[in-house]
Amino acid sequence: MTGLGDITGKACLITGGASGLGALYAEAFLQEGAKHVAILDIAEAKGKETAEQLNNTYPGKVTFIKCDVSDEDSISKCFNQVVETVKQLDVVINNAGILNDSPALWRKSCDVNWQGLVSFSMRAVKHMRKDEGGAGGTIVNIASIAALIPVGSTPIYNGSKAAVLHFSQSLSQAPFEETTGIRVLTICFGPTDTALMTELTGRVYNEKMGEDLVGVIAEITIQKAESAVAAFMAMFKNGPNGSVWLSEKNRPVQDITPKLQAFYNSFTN
Ligand SMILES: NC(=O)c1ccc[n+]([C@@H]2O[C@H](COP(=O)([O-])OP(=O)(O)OC[C@H]3O[C@@H](n4cnc5c(N)ncnc54)[C@H](O)[C@@H]3O)[C@@H](O)[C@H]2O)c1
C-alpha cells in the first residue's frame, strides 16, 4: 500500500452524497479525519440539509454543490468549483446512481450510472496524475452485484453497472498506478436498505417483470446500510489498485479480484 488508504487530511468529492450511502460515506470520512468533503448531488434541499448537519459536527469541512451527473456542463462546472474552492482533491467517489429501466428514464439512468461516472473518473485522473504534476489519489467506483449476476427485469441497470465494473478494471491496468499515482477501487453491493431499493414497481422495464423483481426482493436479505458503509471503509483502507469488492447480506466485505482474474484468465491462457 502507498498510504492512499489513509483518510486523515484527505479532501474528498462524493457524487450522490446528499442521501443514502453517499451521505454515510461522507460522515464516515469525516469521523476518520478527512480534511474536507464536497457533496455533489442533484437534490438541492436534501444536499444543503445534509451538509448543514455534518458541518454542525465538523465545522467548515463540508461543501454542498448542486450537480447533475447526467449533464456534462454541470459536471464540468462542479468539478472545477471543487478544485478551485477546496484547492485539494485526493479522493473521488462515483456514487450517484439510479435504478430506473422504465421507457421514460432508461437513457437518463445510463447517463447517471455510466456516462457521469466516466466523466468524473477522467477528470479525476487528469487532475490527480503525478506524471502531470498532480498528487495522486483514489477513485472509487460504485458498481453492484447487478454487474455480476444477470437480472431479467433490470437489464439496463445491470448493464450500466457491468460497464462500471469493466471500465474500472480496464482503467486500472498496469502501468496506470505506477504512472499516475492513482488507485482505482470498485465495490459491488448486494441489495441494501436505501431509497434505491424501495417502490421498485414502475422502475423496471415493464410492469410484468416488475412483479417478479418485487417478489424476488421480498425473499432475499436486504443488508443494512451500515454494513455497506463498513465494507466500503474496509475496502478504502486496504484495497490495492484494480481490486473489486463484494458487500452483501451483512457479511464482511470480500475481495473478489482473484475470482474475476481467474475468469479473465480462462479466456487468455
Ligand atoms: N441500495 C442498493 O441496494 C444498492 C446496491 C448496489 C449498488 N448500489 C449503488 O450505490 C449507489 C448509491 O445508491 P443508494 O442506495 O445510496 O441510493 P439512493 O437513492 O439512496 O441515493 C442516490 C443519491 O444519488 C443522487 N442522484 C440521483 N440522480 C443524480 C444525478 N443526476 N446527479 C447527482 N446526483 C444524483 C440522489 O439524489 C441520491 O442522493 C448507487 O450508485 C447505486 O446504484 C446500491
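The model is predicted: local features need pLDDT of at least 70, side-chain atom pairs count only at pLDDT 80 or more, and totals for chains, interfaces and linings use all residues. Residues are numbered from 1 along each chain as its sequence is written.

**Ligand shell**

- Of the 28 residues around the ligand, Gly16, Gly20, Gly97, Ser144 and Thr194 come nearest; a residue counts as near if its C-beta atom, placed from the backbone, lies within 6 Å.
- The shell divides into 15 nonpolar, eleven polar and two charged residues (nonpolar: Ala, Val, Leu, Ile, Met, Phe, Trp, Tyr, Cys and Pro; charged: Asp, Glu, Lys and Arg; polar: the others, Gly among them).
- Helix α1 (residues 20-31) gives the most to this shell, with three residues; helices (H or I, at least four residues) and strands (E, at least two) are DSSP runs, numbered from the N terminus.

**Nonpolar core**

- The largest nonpolar core has 69 residues, and those with the most contacts inside it include Cys12, Leu13, Ile14 and Ile39.
- Helix α1 gives the most to this core, with seven residues.
- Such a core is a set of buried Ala, Val, Leu, Ile, Met, Phe, Trp, Tyr and Cys residues joined through C-beta atoms within 7 Å.
- A residue is buried if 20 or more other C-beta atoms lie within 10 Å of its own, exposed if 12 or fewer, and partly exposed in between, with C-beta atoms placed from the backbone.

**Helix α2**

- Helix α2 (residues 44-57) has 14 residues and reaches 20 Å from its first C-alpha to its last, close to the 20 Å expected at 1.5 Å a residue (1.5 Å times one less than the number of residues).
- Its buried residues are Gly47, Thr50, Ala51 and Leu54.
- Seen down the axis of α2, these fall within an arc of 100°, so they line one face; the arc is that of the directions from the helix axis to the C-beta atoms.
- They pack against α1, β2 (36-41) and β3 (62-66).
- The face turned away carries the exposed residues Ala45, Glu52 and Asn56.

**Backbone details**

- The peptide bond from Ala174 to Pro175 is cis, with omega near 10°.
- Glu199, in the loop between β6 (182-189) and α7 (207-219), has a positive phi near 50°.

Methods:
Two residues are in contact if their C-beta atoms, placed from the backbone, lie within 7 Å.
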